[in-house]
Number of protein chains: 2
Amino acid sequence: MAEPNPQSVGIVEPQTLHVAETMPLDCGKTIERFDLVYETYGTLNADRSNAVLVCHALSGNHHAAGYHNEDDEKPGWWDKCIGPGKMIDTDHFFVVSPANLGGYNGSTGPGSLHPETGRHYGPDFPVLTCSDWVRSQNILREALGIEQWAAVIGGSLGGMQVMQWSIDYPDRIAHAIVIAAAPKLSAQNIAFNEIARQAIITDPEFHDGRYYEHGVVPRRGLMLARMLGHITYLSDDAMRAKFGRDLREGRINYGFDVEFQVESYLRYQGASFVDRFDANTYLLMTKALDYFDPAHETGGSLARAFAPATARFMVVSFTSDWRFAPERSREIVDALVDAGKQVSYAEVTSDLGHDDFLLTMPHYVHTLRAYLHRVACERDT
Amino acid sequence: MAEPNPQSVGIVEPQTLHVAETMPLDCGKTIERFDLVYETYGTLNADRSNAVLVCHALSGNHHAAGYHNEDDEKPGWWDKCIGPGKMIDTDHFFVVSPANLGGYNGSTGPGSLHPETGRHYGPDFPVLTCSDWVRSQNILREALGIEQWAAVIGGSLGGMQVMQWSIDYPDRIAHAIVIAAAPKLSAQNIAFNEIARQAIITDPEFHDGRYYEHGVVPRRGLMLARMLGHITYLSDDAMRAKFGRDLREGRINYGFDVEFQVESYLRYQGASFVDRFDANTYLLMTKALDYFDPAHETGGSLARAFAPATARFMVVSFTSDWRFAPERSREIVDALVDAGKQVSYAEVTSDLGHDDFLLTMPHYVHTLRAYLHRVACERDT
């Protein structure tokens, strides 16, 4: 951890909610007795009206901001945007950041021990949807004694959970902030996910998802999945600017070791991911992405899917994002307008691609900070 | 094989040129004694002036048109465009279609037996470049007694070989027809190739490229590589039109078997590729793609790279191609114009993506047929 930083939430400690109730799931199964791990930043005000829920994306977890100890080198995944004076300002808001059910190193997931069998869930862990996550986050809301979130905010898969919140629990969410998301995956998006899953599932060390019991992990598959993800997170232009065709050793070697810088980058990203992520969780997360399609229930009409919503919406997209391009965000905005909802929209000019939502381009930060400032003011009155 | 078709070249037989000479390669090694397998369609005219060389792409081979026997169900890979009265009209041209060195089931490649050791080349097969292929195709040209190709034509990686021909053997090529190509790969293109290679190389059945001797093939890796390729061959719109979010069984199963039609398509494409392609060849082909960059020799100036060329150029791109988008073809055209070369350019409105070059959209066929008709007329006089 660097020098004390007035813009950091500092040292944070994860907390755990032990859920004793049985929760139904969209797949038809139930889950009994599970843990939700979460972190909070900032202070809950007296009338409990300043709570903001952060929903994470595919590889996220509960550790969104701050450090876990003095020696921690890296802060939480959205630390650039959460803290005193930052975009999500912890001087004003009580930020709640749970780890999704099915995740890794946090809430109960495939790598956890089943309370009855004592074995790892592995492939027995139920397949989840955004609705399931929102249902579990609502249990957390109740446990924290929060009547209504001032805002629910998330990027990418997190943005999908935000939309689901607005539909499933309209009374519990005042503002829905949907960043770099889409109303559903395209066939191409699903295709990328499917290749990532096949890479994992066909890895001989996957052992039908029971690799924990074999003392191995499907490293190769998970590495490939992550490398593939990185292609979709970065724009073609960003890759060109970052790596171009630069050769790592300045010359062609005519071999299969790393030659171009971009290869080196991808291999590093893939290899380091294996040490901090679980393959079964990756499968679950990509499935939840594939399934998300609120308009499926309403005959294909996204506007009708949003009919129950009472939240005010803020939608943000990034011009260089080709995974969930601005067109996809405009589909969300158009549906909200058609449904007669209040919606603001910002299309942020950006360079890097999908991952821009984690960063701090001035237009992005100023727009969302201003929006959230108005949210804070209205909650104070 | 269907009913006799006056537009088909009919039954064709591959021929083999045994090359006894030692050929130097860009990697610094040499290759001694190798076979070039090729097919020809149409008739060489008396003054040997009507020969057209077809260069194939990543997964192509010598079998570009016609059938190998009466029971053959599928014709050659470019049969839609080569034949009597077709785009490349065998009533006018003598079409020569070689399999690239390093390929599979054709010219000498990693799956061939080394003439000295009697073992499969495997990983000992040298890494090749477009220049190497062109050098070997020039040996074939000499063997066939052809002074100058009326045209050299190819799509994708084939188009790169066409450009290389125009630079390396300017006197031997009258017309260069470059289809759906790029002057070099982008970082994103290289990234896709690298993931495909890593999928193959990390497959435990790859055995450092010596899988032939283990009686296995790296099926999983090659399958993943092909699935990934298909994402880049099809446009997002084409995938949407072809598959959308259609569920194979009409409902969500909440599992990891095929659920969406696009998953079924990709798995089929991946699995069927394994039976007809060699993993080491896939590695070599992607490396040749990565390396192609004629401007590298001329300080980054593509125009200067084209300085030696005397051919007249025809460049074709497809609007829905995102692997090698029209912008990339326009870079080629701009460089040729800067270099003072004769160049025509057609941007074909298309839907499917990169693979459109294999098909027969009217604008595409009419444009190229008309161009080639002029080529035929000028060669007759």
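Reader: Which residue of chain A meets the side chain of Lys287(B) in a salt bridge?
Author: A salt bridge is a side-chain nitrogen of Lys or Arg within 4 Å of a carboxyl oxygen of Asp or Glu. For this pair the N to O distance is 3.9 Å. The partner of Lys287(B) is Glu263(A).

Reader: What pLDDT do local features need in this predicted model?
Author: Residues are numbered from 1 along each chain as its sequence is written, while chains are lettered from A and ligands numbered from 1 in the order in which they are written. Side-chain values use heavy atoms, with hydrogens and water left out, and in this predicted model totals for chains, interfaces and linings use all residues, side-chain atom pairs count only at pLDDT 80 or more, and local features need pLDDT of at least 70.

Reader: How many salt bridges are there between chain B and chain A?
Author: Over all chains the structure holds 48 salt bridges. Between chain B and chain A the count is 10.

Reader: What area is buried between chain B and chain A?
Author: Contact (heavy atoms within 4.5 Å) takes in 53 residues from chain B and 53 residues from chain A. Buried area is the accessible area (1.4 Å probe) that two parts lose on being put together, summed over both. Carbon and sulfur atoms give 70% of a total of about 4,700 Å².

Reader: Which helix gives the largest share of the side of chain B that touches chain A?
Author: Between the chains, 23 residue pairs (both at pLDDT 80 or more) are in polar contact, meaning N or O atoms within 3.5 Å, one able to donate a hydrogen and the other to accept it, with residues adjacent in sequence counted only if both atoms are side-chain atoms. Elements giving two or more residues to this side include H5 (219-233) and H7 (261-274) of chain B; helices are DSSP runs (H or I) of at least four residues, numbered from the N terminus. The largest share, 11 residues, comes from H3(B).

Reader: Why does the salt bridge of Arg220(B) and Glu205(B) tie together parts that are apart in sequence?
Author: The side chains of these two residues, Arg220(B) and Glu205(B), meet at 3.8 Å, N to O. Arg220(B) lies in helix H5 of chain B and Glu205(B) in the loop between H3 and helix H4 (211-214), so the parts that the pair ties together are apart in sequence by 15 residues.

Reader: How far apart are the centres of domain 1 and domain 2 of chain A?
Author: An automatic or database assignment sets the domain bounds. Domain 1 of chain A covers 15-184 + 297-380, and domain 2 covers 190-285. Taken over C-alpha atoms, their centres are separated by 26 Å.

Reader: Which residues of domain 1 of chain A lose the most area to domain 2 of chain A?
Author: The two domains of chain A bury about 2,300 Å² between them. On the domain 1 side, three residues together make up 29% of what is buried. They are Leu58(A), Tyr104(A) and Trp322(A).

Reader: What is the largest C-alpha distance between the residues that UniProt lists for "binding site"?
Author: The unreviewed entry lists Arg226(A) and Asp355(A); UniProt positions follow the numbering used here, feature names are shortened, and annotations may be inferred rather than shown by experiment. The two residues are spread over 130 residues of sequence yet cluster in space, with a largest C-alpha distance of 13.8 Å.
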